[in-house]
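This briefing is meant to be read beside the sequence and the coordinates. Please keep both open while going through the points, which are grouped by topic.

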Amino acid sequence: MSKPVIEERIYIGNVDFSATEDELKDFFQGLQVESVEIPTKTFTRGKKTVTRRLGFGFVQFASKEDADKALEQSNGQTFKTRTLYSRKALPPATPEEKKERTEAFLAKKAAKRAQATEKKKKSKGKKEKAANDENEEKAEKSEADEAANGDAESKKQDKTKTPEGTPSADTVFITNLDYKANVKVLDAVFKDLEPMWIHVPTRRVPRHILKQIKANHKPVYNRGIAFVKFKDQETQKRAIEEYNGREVNGRSIIVEAAVDRPKSDEDEETSSGSDAAESGKAETEA
């Protein structure tokens, strides 16, 4: 419920900041003015203290009739180049009411600030999602190109079946391997044969694409091949006989004796020479 007004007192808004109580009293000449109040506020700026009027005031009259006349005389009228707004004054707010108003103001301000923050987060999230989607698309395209190149290379190898050279006496060469398989997967597959080391070459990915893949916490897939070294030739033969055609991650792997042959730059990672062995050993130990 609204408060009852004070019939003998009026509130005047939009008062010129330079106006004084005496000037406002003179504006109501001919009416019985008992008091005029223009609230002020003191500001401290560095070492300087400034007192400033707040742009509104209260005028107390001797009677309700004079207050009513003052409303007609002042509301919408010009005083020192500014148009006044007048109404009957209300009783001063109690401490509890002041507290409620302050809390309501702060709550409204906090809600606006939270809304602005949420809007900024959503905008930032959309930008990050668009950037991640673009990076993932590039990474997937690179992986698809690498897979296509790997399949083409496999087809080339199929024409001669196994590269020429000296068959290894302890290492097997695995093809048709699932691209997501890693050292741990193959170690579990050949666990009973106790492999000495396992090497799973990963795809060649441009450095900038590799950074994007790692930033998105995605794995770098293998090239569809692997090398497994055993303690002797007998264990190697068991691996070929017992594991050739075995299903690993939904694909039937091909297991055959690796070939020790001189490596060129082009087939460095697909050969089963001593360099591949050392690389695989390092990967297993890691």
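What follows describes a predicted model. Strands S3 (residues 40–45) and S4 are antiparallel and joined by six bridges, while strand S11 (residues 226–229) is joined by four bridges to S9 and by three to S10.

**The hairpin of S3 and S4**
- The two strands form a hairpin with two residues between them, and in that turn Gly46 has a positive phi of about 70 degrees.
- Strand S4 covers residues 48–53, and because zero of its six residues are buried, it lies largely in the open.

**Strand S11 and its partners**
- Strand S9, which spans residues 166–175, runs antiparallel to S11, and Ile174 has Ala226 in S11 as its bridge partner.
- Strand S10, made up of residues 197–199, also pairs with S11 in the antiparallel sense, with His199 bridged to Phe227 of S11.

- Asp66 belongs to helix H2, which runs over residues 64–74.
- Although Asp66 is buried, it has no salt bridge; the nearest side chain of opposite charge is that of Lys69, 4.7 Å away, whereas a salt bridge would require a side-chain nitrogen of Lys or Arg within 4 Å of a carboxyl oxygen.
- When residues up to four places away in sequence are not counted, Asp66 touches Leu31, Gln32 and Phe61.

Conventions: Residues numbered from 1 in each chain as written. Predicted model: local features only at pLDDT ≥ 70, side-chain atom pairs only at ≥ 80, totals over all residues. Heavy atoms only, no water. Pairing = 2+ DSSP bridges. Buried < 20%, exposed > 50% of the residue type's maximum accessible area, 1.4 Å probe, protein only. Lys, Arg positive; Asp, Glu negative; His and termini not counted. Contact = heavy atoms within 4.5 Å.
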